Amino acid sequence: MLSKEEVLEIISYCACHKIQRSVRLKELGITQWEFYKSRRKYLENEKSHPHEESGSFIELGSVGGFVSCSVTEMEKSINPGRKLHTASESMTIECQTSRGGMVRINGKISTELLCALVKSL
């Protein structure tokens, strides 16, 4: 299992030098499975405890600068358009519109979609 600092350093190094992560992992002798398993663990931990390390920074040796202490924030800064996977739950929503009509929505709905649905009602 890689430390959080190692995961952040690999992500940052690849972004700065514009190389693929698989190339850097091969240089370091780290398997892709090990890296992505560690990365997923930190992403899930940050998702379950969102404000634990908010606003913290660490200094990376290879890059020589300070980066966010959050793997989630690092991924967002490198891939701003990409949304990280969010869990969806199966649910049924029934609403009555202001004109008296009924709306029923059924299926797996993520929190982002649920927020968009509620705002549009």
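**Exercise 1.** State the order in which the elements of the protein chain run from the N terminus on.

*Solution.* From the N terminus on, the order is α-α-α-β-β-α-β-β-α. The model is a predicted one. Counting by type, the chain has five helices and four strands.

**Exercise 2.** Describe the protein chain as a whole: what share of its residues counts as buried, and what share of the accessible surface belongs to carbon and sulfur atoms?

*Solution.* Step 1: the chain has 121 residues, and 26% of them count as buried. Step 2: the accessible surface is about 8600 Å², with 52% belonging to carbon and sulfur atoms. Step 3: turning to contacts between residues at least 6 apart in sequence, 49% of these join residues at least 24 apart.

**Exercise 3.** Find which elements give two or more residues to the largest nonpolar core.

*Solution.* Step 1: this core holds 13 residues, and those with the most contacts inside it include Val7, Ile11, Phe35 and Val71. Step 2: helix 1 (4-17), helix 3 (32-48) and helix 4 (71-78) each give two or more residues. Step 3: the most come from helix 1, which gives five. Step 4: take Val71 as an example; beyond its neighbours within four places in sequence, Val71 touches Lys4, Val7, Leu8, Ile11, Arg39, Tyr42, Leu43 and Glu46.

**Exercise 4.** Decide whether Arg21 counts as buried or exposed.

*Solution.* Step 1: locate Arg21 in helix 2 (residues 21-28). Step 2: buried means under 20% relative accessible area. Step 3: Arg21 has 15% relative accessibility, so Arg21 counts as buried. Step 4: list its contacts, leaving aside neighbours within four places in sequence: Ile11, Cys14, Phe35, Tyr36, Arg39 and Glu75.

Notes
Residues numbered from 1 in each chain as written. Predicted model: local features only at pLDDT ≥ 70, side-chain atom pairs only at ≥ 80, totals over all residues. Heavy atoms only, no water. Core = buried A, V, L, I, M, F, W, Y, C linked by side-chain atoms within 4.5 Å. Buried < 20%, exposed > 50% of the residue type's maximum accessible area, 1.4 Å probe, protein only. Contact = heavy atoms within 4.5 Å. Areas by Shrake-Rupley, 256 points an atom, 1.4 Å probe, with all protein chains shown as cover.
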